[in-house]
Amino acid sequence: MKLYLDSADIPAVAPLLHTGLFEGVTTNPLILQRAGVAPAHLPTLVQELIDAGAGSVFVQAVESDTDEIVAEGRRIVALGSNVIVKVPATRQGFAATARLAHDGVPVLVTAVYHVRQAILANSAGAWGIAPYVGRMDDAGRDGLRQVEQMGAVLHGSETRVLAASIRNADVVHELALQHCDAVTMSTAVAEALFIDHLTDRAVAEFTEAARALT
């Protein structure tokens, strides 16, 4: 399972990218707003993320009309060869995805909440889908079960499942057990993946033993 970071905060993202464990960075308008990144600064952000080690950067289209989404998607992908366009799972978004995918533009269909949206994304030729696990749980749907079903209907296709809205590190390993293709998480959840108190205790014992030998 590939790991991505859901953030536009360079100081928080860079150390994690430097580990070599994370494939890239996903963003959306809310993330950009929280990081204080204006649309005019997107090219700079993309380059900074790539320089920090992101193999790919996901940038979301914000237009609502199909033609406008397509035009925006083409502008986004022109930001660099490592850029993947995010398009919401609306009627217009799916239509735009089909057109962009036909032209070879990689599109991640985002804000996915139901298996039927995964089917539509696959039909549109999407690079992948981003189901919102935590938000599905909030709405009374079983997020992990929905992602499992999405993986089943997309099995054997070229459309990946990149799970998003991850609330804690335990969800990451549950998704891995489902053989989910990828997961994107906040830097806080990513940092939590490294923490295990039993490991810390063992390392402390190793260190103490090593010092006793000198």
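Which residues touch the most other members of the largest nonpolar core? That is where these close-ups of a predicted model start.

**Figure 1. The largest nonpolar core and the residues that touch the most other members.** This core holds 56 residues.

Figure 2. A closer look at M185 and what it touches. Leave aside residues up to four places away in sequence, and M185 touches L3, Y4, L5, D6, F22, I166, V172, A190 and L193. The salt bridge between D67 and R99. The structure holds 4 salt bridges, and this view shows the one where the side chains of D67 and R99 meet, at 2.7 Å from N to O. The pair ties together distant parts of the chain: D67 lies in helix α4 (residues 66–77) and R99 in helix α5 (residues 91–102), 32 residues apart. How accessible is D67? At 47% relative accessibility, D67 counts as partly exposed. R99 is partly exposed too, with a relative accessible area of 38%.

**Figure 3. The salt bridge between R74 and D103.** Here the side chains of R74 and D103 meet at 2.6 Å, N to O. R74 is in helix α4, while D103 is in the loop between α5 and β5 (107–112), so the pair links distant parts of the chain, 29 residues apart. R74 has 41% relative accessibility, which puts it in the partly exposed class. D103, at 45%, is also partly exposed.

**Figure 4. The salt bridge between R167 and D138.** In this view the side chains of R167 and D138 meet in a salt bridge of 2.7 Å, N to O. Distant parts of the chain are linked once again, with the two residues 29 apart: R167 sits in the loop between β7 (160–163) and α9 (169–177), and D138 in helix α7 (residues 133–138). Is R167 buried or partly exposed? With a relative accessible area of 47%, R167 is partly exposed. D138 comes out at 57% relative accessibility and counts as exposed, because the exposed class begins over 50%.

How values were computed:
Residues are numbered from 1 along each chain as its sequence is written. This is a predicted model: local features need pLDDT of at least 70, side-chain atom pairs count only at pLDDT 80 or more; totals for chains, interfaces and linings use all residues. Side-chain values use heavy atoms; hydrogens and water are left out. Helices (H or I, at least four residues) and strands (E, at least two) are DSSP runs, numbered from the N terminus. Buried means under 20% relative accessible area, exposed over 50%, partly exposed in between (1.4 Å probe, protein chains only). A nonpolar core is a set of buried Ala, Val, Leu, Ile, Met, Phe, Trp, Tyr and Cys residues joined through side-chain atoms within 4.5 Å. Contact means heavy atoms within 4.5 Å.
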